Amino acid sequence: MGSASGSIKTAAKRVGVTVEEYEANIAAGLKHCGTCRMWLPTERYAIDRSRHDGLCSTCLDCRRVSTRKRRVGGPPDQQTATLAVEAVRRAVRLGFLEPVRERRCTDCGQPAAHYHHHKGYARTNWLEVVPLCVGCHQRRHIA
Ligand SMILES: [Zn+2]
Ligand SMILES: [Zn+2]
Ligand SMILES: [Zn+2]
């Protein structure tokens, strides 16, 4: 038992959160990606039975990006996020999506400010977006 709580303490320290925050995130089904340093749902990780929690230490998006040739600088997740945002902008310009200012926030009904990639930034989800206001958008990324 002592060794288990000790390893949580080490893991929490490594990612820069308190043990309480760490345990709360784990309890919420999240896992910290060692590459993009974001807390992501465990389904965004590949199975790796050699690891203590049975999951790869790097999220699927980071793994995918690191095996692909990099064209733009910056951290992998930020890179795919930029491409995803560009794809949305293009879709709006071409008329596939309504301009976000004409939409209402999915969460609170106020005028929307951003399109949020609610399924993540994988290429297949680039146009899987919901309109959100600034406040609700921030909340979604913290939640
Ligand atoms: Zn990642
Ligand atoms: Zn809102
Ligand atoms: Zn977002």
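Buried residues (20 or more other C-beta atoms within 10 Å of their own, with C-beta atoms placed from the backbone) make up 22% of the 143 residues in the protein. This is a predicted model, where local features need pLDDT of at least 70, side-chain atom pairs count only at pLDDT 80 or more, and totals for chains, interfaces and linings use all residues. Residues are numbered from 1 along each chain as its sequence is written, while chains are lettered from A and ligands numbered from 1 in the order in which they are written.

**Confidence**
- Mean pLDDT (the predictor's confidence in each residue, from 0 to 100) is 88 for the protein, with 90% of residues at 70 or more.
- Of the elements, helix α1 (residues 2-15) has the lowest mean pLDDT, 80, and strand β6 (residues 129-132) the highest, 97.

**Fold layout**
- You'll find five helices and six strands here, taken as DSSP runs (helices H or I, at least four residues; strands E, at least two) and numbered from the N terminus.
- Reading from the N terminus, the order is α-α-β-β-β-β-α-α-β-β-α.
- Contacts (C-beta atoms, placed from the backbone, within 7 Å) with a separation of 6 or more come 32% from residues 24 or more positions apart.

Terms used. Buried ≥ 20, exposed ≤ 12 C-beta atoms within 10 Å, placed from the backbone. Contact = placed C-beta atoms within 7 Å.
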